Each structure stands twice: as C-alpha cells, then as structure tokens.
Amino acid sequence: MPEPRKMHGRGPVPPMGKGAIKKGVLKRLMGMLFKDYKLYVILIALCIVLSAVASAIAGPFLQQVYAALEDFAGGVLTSKAAMQTVIKTLLVLLSIYALGWIASFVMGQIGAKLTQQFMRDIRVKMFTKMQTLPIRYFDRNTHGDIMSTYTNDVDALRQLVSQSLPQTVSTVIVLVTLACSMMYMSIPLFLIVVLGVIAILFVTKKIGGKSAKYFMAQQQATGKVEGYIEEMMHGQKVVKVFCHEEEAMKKMKTLNDELCEASDKANAFSNMLMPIIHNIGNIMYVILAFVGCAYVI
C-alpha cells in the first residue's frame, strides 16, 4: 500500500520514537534500573569507583618517588633508604592498579549481563504495551517505523546503559580525584586547568548540542526510511497495479535525502568535537609547562 491509512477517532496517537525527549526520561530510566537490577547497579557503581580512583591516584605516589630521588641527590637520604622508599611506593601503586584492573574486568562482565537482561525486559514491556494499543495506531504508523523502536531505539538504550552512564560516572570520579590531587600539589596551576576545563565545557555544549540534535533527527529519519521501505515492499503488488512506482521513488528519495543530511551533520559535529578538545588540551599543556618552569626558576 503506498501510504498508511489516516484514521480518525479520539485524536492522534503519537508515533513511537518520535518527537522531542520528554523531561524526566533519564530519571525514569534510572528508576527502572534501581528497581529491577539494584544489585547489579550497586556492584557496577562500586567497580566504577575503584577503577576510576585507581586510574587517577598515581600523581601523589609518583611525587613521593620524585621526592625520594631528590633527597638522595641532595644527600638527605642514603641510597638504601631512597631505594626502599621508591620500592615501597611503587608496590603500593602497583597494587592499586591491579585492584583497578580487577574492578574493570568485573564491571565489564556484570555490565554485559545487566545490559542484555535490560534490553530483553524492555522489549517484553514494549510488546506487552503494544497489545493494548488501538488499531488506529498501527494504521497511522508504518511497520518499519514501529519495528525501528525494537532495534534502533532499544540499541540506543543499550549504549546508554552499557557505555554512556558508566563513562559519565567514571569521568566525574576521575575529575574529582584529579582536582584534589592538583590542589594538593599547586593551587595556581590548578586554576589554569580550571580555565581550560571551562573552555572545553563551553565548546562541548555548543558543538555537542548540535550533534545531539542531529543524532535525534537521524534516529527519526531512520525509522521513517525503514517504515516506508517496509510498506512499499509489503504492498508491491498494489503499487504496480496503480502505477505508483514513480511516486514511490520520489518519496523514497526525499526520505533518504533527509536521513543522509541528518547523518552527515550529526557525524560532522561529532567528529569535529574531539580534535578541538584535543587542541585545547595541548594549548593548556603548553601554558602549564611555561608556568611550571617559571615556578621552578
């Protein structure tokens, strides 16, 4: 059938996976995770904390090693005492790194199990809910667009649960740990880093916001393309009988161009973000090197 039928009744049924993100969606998702998978979430959170702290705590220990070597060079410590201090510090640091590696391994195993169970339960809930929807919903939405919610949208949730949320929590913990370490070492240098972080956050907000906007448009356009292809293939005989081939090709070209444009802009802004952030980090590194050298002199 060339186009889905338009039904009338008690108002339109909003398509699944379309429109702007409603407020509270992330809160609702977190509530589902804590309600049904509390043990998994607690274990993953504990592993994230251990892994993040282990990866960010090296600074103070390395400073102790440098101090011991400086004391040895200045004649304050003997070679034996300096070596004992260095070995003891390195053993403690190695133990911390080993604990962080074990935490990362456990987190990966538990996270994989949590993600797959979560996706399975989400699909079951979606299918159960879909049984209660009126017939007009399926008349107003293409089959491919509906099926896209079971594939593309659920896969987006998988990426959020398995990658985005753990990385966000880990990044926050690493930032807090590094901030404490830097303030312990040098307040002025820490303030320079803060200015660089502010610049990075500003760029991320501007470019990342545009990228997120077009990634949402890409998801919607993907559902439209899949739905239209599904409808045209399913109703191929009807299309041929009514000589609807040209119109179908024009509509397909329009939808495909929309998907191409959204994907192009989404990936363009996404690929643009990391090089800019990397260059800001390089500039900040050079400034820190100059200021640090000035302090040493």
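## Two helices side by side

Helix 7 (residues 187–234) and helix 9 (residues 245–296) pack with their axes 8 Å apart and at an angle of about 170 degrees, where an axis is a line fitted to C-alpha atoms, for helices over the stretch in contact, and the angle runs from 0 to 180 degrees between N-to-C directions. Helix 7 and helix 9 are therefore roughly antiparallel to each other, given that angles under 35 degrees count as roughly parallel, over 145 as roughly antiparallel, 65 to 115 as roughly perpendicular and the rest as oblique. The crossing of these two helices, helix 7 and helix 9, is left-handed; a crossing has that name if the near helix is turned anticlockwise from the far one by less than a right angle, and is right-handed if clockwise.

Gly-196 is found in helix 7, and with a relative accessible area of 10% Gly-196 is buried (buried means under 20% relative accessible area, exposed over 50%, and partly exposed in between, with a 1.4 Å probe and protein chains only). Gly-196 and Ile-277 are 81 residues apart in sequence, while their C-alpha atoms are 9.7 Å apart in space.

## The model and the whole chain

This is a predicted model, in which local features need pLDDT of at least 70 and side-chain atom pairs count only at pLDDT 80 or more, whereas totals for chains, interfaces and linings use all residues. Residues are numbered from 1 along each chain as its sequence is written, and side-chain values use heavy atoms, with hydrogens and water left out.

The secondary structure of the protein chain comes to 9 helices and 0 strands, where helices (H or I, at least four residues) and strands (E, at least two) are DSSP runs numbered from the N terminus. Read along the sequence, the pattern is α-α-α-α-α-α-α-α-α. The protein chain has 297 residues, of which 29% count as buried.

## An oblique pair

Two packed helices are described by the angle between their axes and the distance between the axes. For helix 2 (residues 38–56) and helix 6, the axes come within 9 Å and cross at roughly 40 degrees, and helix 2 and helix 6 are therefore oblique to each other. Helix 2 passes helix 6 in a right-handed crossing.

## Along helix 4

Ala-103 and Ala-52 are separated by 51 residues in sequence and by 9.4 Å in space, C-alpha to C-alpha; for Lys-113 and Ser-162, which are 49 residues apart along the chain, the C-alpha atoms are separated by 9.9 Å.

Leu-94 is found in helix 4 (residues 79–130) and is exposed, with a relative accessible area of 56%. Together with Met-83, Ile-87 and Leu-91, Leu-94 forms a nonpolar patch on the surface, with about 400 Å² of accessible area in total. Patches are made of residues with over 30% relative accessible area and no salt bridge, with like charges joined within 9 Å and nonpolar side chains (Val, Leu, Ile, Met, Phe, Trp, Tyr) within 5 Å. Accessible areas come from the Shrake-Rupley method with a 1.4 Å probe, and for residues only the protein chains shown count as cover.

## Salt bridges

Side chains of opposite charge can pair when their charged atoms come close. The structure holds 5 salt bridges (a salt bridge is a side-chain nitrogen of Lys or Arg within 4 Å of a carboxyl oxygen of Asp or Glu). In one of them, the side chains of Lys-125 and Asp-36 meet at 3.5 Å, N to O. This pair links distant parts of the chain, with Lys-125 in helix 4 and Asp-36 in helix 1 (residues 25–36), 89 residues apart. Lys-125 is partly exposed, with a relative accessible area of 42%, and Asp-36 counts as partly exposed at 40% relative accessibility.

Asp-155 forms a salt bridge with Arg-158, and the closest N and O atoms are 2.8 Å apart; both residues, Asp-155 and Arg-158, lie in helix 6 (residues 143–185), 3 residues apart, about one turn of the helix. Asp-155 is partly exposed, with a relative accessible area of 29%, and Arg-158 is partly exposed, with 21%. Another salt bridge joins Asp-257 and Lys-253, with the closest N and O atoms 3.1 Å apart. Being 4 residues apart in helix 9, Asp-257 and Lys-253 are separated by about one helical turn. Asp-257 is partly exposed, with a relative accessible area of 38%, while Lys-253 counts as exposed at 54% relative accessibility.
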